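Let's take a walk through a protein model together, going from the whole chain down to single residues. Keep the picture beside you as you read.

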Amino acid sequence: MTPADERKYEEAEIIYRHALQGMEKVLGPDHPFTIENMNMLGETLFYLRKYDEAEVIFRRTLAGKEKTLGADHPVTLTCLDNLGRTLHHQRKHEEAEMIFRSAWGGREKSLGPYDLETIMSAHGLAVTLIDQRKYEEVVIVYRHALRGMKRTLGRGHPFTLDSINALGETLLDLKKYREAEAMCRRALVGREKILGPVHRDTLLSANNLGVALCNQKKYQEAEIMYRRALEGAEKALGLHHRDTLLCTYNLARVLHKQKKYIEAEMMYWRTLAGRENALGPGHLHTLMSMINLGAILYDQRKYDTAELILRRAATEGEKTLGSGHRATLELANCLAIFRQVRAASAPAQM
């Protein structure tokens with residue numbers, strides 16, 4: 001939202017609040033005009049990210065619509081969906097899930113499975129389920145919603161492609177890499193056609209496809225995808241953008257798996273430098289870069305440099321995350337294993 005848009009919504013909030021006071025006094029709280037004004041106030045608060053205030057207004061609006069129109073009326077179901085979105089943005093995921101399920105069921109019954117509003121409720125439910133890591137249910141909901149999207153919006157619509165991409169990412173989380181590959185390919189082809197080859201969403205799909213391929217040990221294909229994603233990210237986002245650094249890191253990993261040590265090491269150094277600058281030395285992604293850099297240095301028998309990097313990772317992890325953090329403990333364990341293996345492989349001294 002631009003500053004100009006924000007000012008407009010702030011002005012609208014003042015007008016709607018003033019009008020609501022008058023309508024409640026003159027017309028009463030249950031009059032249709034009062035309830036509609038209340039709903040407009042709720043939407044304004046939502047766009048201003050005042051989600052706690054929007055929730056209060058949407059609950060009042062929903063109660064009024066249920067009383068005057070009935071629970072199954074399309075307008076009432078829109079109010080229900082608005083409440084679900086507001087709860088989701090407040091991370092009240094369990095209640096949001098319940099609300100979206102109710103809105104989806106009601107809209108499917110009254111509007112049909114292929115109506116855009118029905119599809120939007122399904123999408124809202126899927127996003128809420130993702131935040132709760134209920135991935136198996138997410139797959140079911142997205143597959144159901146996609147049937148409606150293809151029919152109502154078309155296979156190449158950006159919203160359809162977003163949902164295909166989200167389904168692919170969910171399948172990656174479930175380690176269903178073969179199915180994920182198919183979805184990521186569809187998202188990539190569609191986004192490249194609609195958005196162009198260097199659009200951020202297209203590059204994300206290329207990177208996701210690389211992840212699906214890499215986890216199936218299709219390393220050469222994965223390398224091609226990661227290079228493509230990295231080249232586009234450098235052009236569109238710049239060398240130091242987080243997405244660019246993710247592409248660099250993924251390329252380094254797939255090169256490492258193919259024992260292309262020289263280029264992989266170079267990419268790990270580049271990732272580490274970028275992440276330290278963008279995220280800080282104690283960020284989890286920075287620490288992961290250190291671990292992988294240490295591993296490839298060890299594979300090339302650059303033991304002193306590898307130990308230096310792993311020591312630094314352990315120190316930064318403890319400093320930033322605390323000694324009891326899971327990542328800190330794993331880093332300490334990694335350093336201990338490295339020392340043990342190095343000592344075991346060292347030539348015996350006379």
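A residue counts as buried when its relative accessible area is under 20%, as exposed when that value is over 50%, and as partly exposed in between. With this in hand, look at Arg107: its relative accessible area is 3%, so Arg107 is buried. Please keep in mind that you are looking at a predicted model.

Now step back to the whole chain. How many helices and strands does the chain have? There are 16 helices and zero strands. The radius of gyration is 26 Å, well over the 20 Å that the globule rule gives for 350 residues, so the chain is more spread out than a compact globule. You can see this in the C-alpha trace too, which spans about 100 × 45 × 35 Å along its principal axes.

What about the inside and the outside? Of the 350 residues, 43% count as buried. The accessible surface of the chain comes to about 18,600 Å², and carbon and sulfur atoms own 55% of that area. As for charge, the chain carries 51 positive and 45 negative side chains, with the centres of the two sets 5 Å apart. Contacts tell us about the fold as well: among those with a separation of 6 or more, 55% are between residues 24 or more positions apart.

Let's begin the close-up tour at the start of the chain. Ala19 lies in helix α1, which covers residues 3-26. Its relative accessibility is 25%, so Ala19 counts as partly exposed. Ala19 and Thr34 are 15 residues apart in sequence, and their C-alpha atoms are 8.6 Å apart in space.

Helix α2 covers residues 32-47, and Thr44 is part of it. Asn37 is found in helix α2 as well. Leaving aside neighbours within four places in sequence, Thr44 is in contact with Tyr9, Ala12, Glu13 and Tyr16. With residues up to four places away again left out, Asn37 touches Tyr16, Ala19, Leu20 and Met23. Tyr16 is a contact of Thr44, and Tyr16 is also touched by Asn37.

Moving on, we come back to Arg107, which is found in helix α5. Which residues does Arg107 contact, leaving aside its neighbours within four places in sequence? They are Leu77, Thr78, Asp81, Gly112, Glu117, Thr118 and Ser121.

Arg91 sits in the loop between α4 (74-89) and α5 (93-110), while Arg133 is found in the loop between α6 (116-131) and α7 (135-152). The relative accessible area of Arg91 is 66%, so Arg91 is exposed. Arg133 is exposed too, with a value of 64%. Their backbones also deserve a look. Most residues other than glycine have a negative phi. Arg91, however, has a positive phi of about 60° although it is not a glycine. In Arg133, phi is near 60°, again a positive value in a residue other than glycine.

Further along is helix α9, residues 177-195, where you will find Ile194. At 44% relative accessibility, Ile194 counts as partly exposed. Leaving aside neighbours within four places in sequence, Ile194 is in contact with Gly156, Pro158 and Leu161. Pro158 is 36 residues away from Ile194 along the chain, and their C-alpha atoms are separated by 7.6 Å.

Our last stop is the cysteines. How many disulfides does a search of the whole structure find? It finds zero. Cys214 is in no disulfide, and the nearest cysteine sulfur, that of Cys184, is 13 Å away. For Cys247, the closest cysteine sulfur is in Cys214, at 13 Å, and this is too far for a bond. A disulfide would need the two sulfur atoms to be within 2.5 Å. Cys214 counts as buried at 9% relative accessibility, and Cys247 counts as buried at 5%.

Technical notes: Residues are numbered from 1 along each chain as its sequence is written. This is a predicted model: local features need pLDDT of at least 70, side-chain atom pairs count only at pLDDT 80 or more; totals for chains, interfaces and linings use all residues. Side-chain values use heavy atoms; hydrogens and water are left out. Helices (H or I, at least four residues) and strands (E, at least two) are DSSP runs, numbered from the N terminus. The radius of gyration is taken over C-alpha atoms; the globule rule is 2.2 Å times the number of residues to the power 0.38. Buried means under 20% relative accessible area, exposed over 50%, partly exposed in between (1.4 Å probe, protein chains only). Contact means heavy atoms within 4.5 Å. Accessible areas come from the Shrake-Rupley method with a 1.4 Å probe; for residues, only the protein chains shown count as cover. Lys and Arg count as positive and Asp and Glu as negative; His and the chain ends are not counted. The place of a charge is taken as NZ of Lys, CZ of Arg, CG of Asp or CD of Glu.
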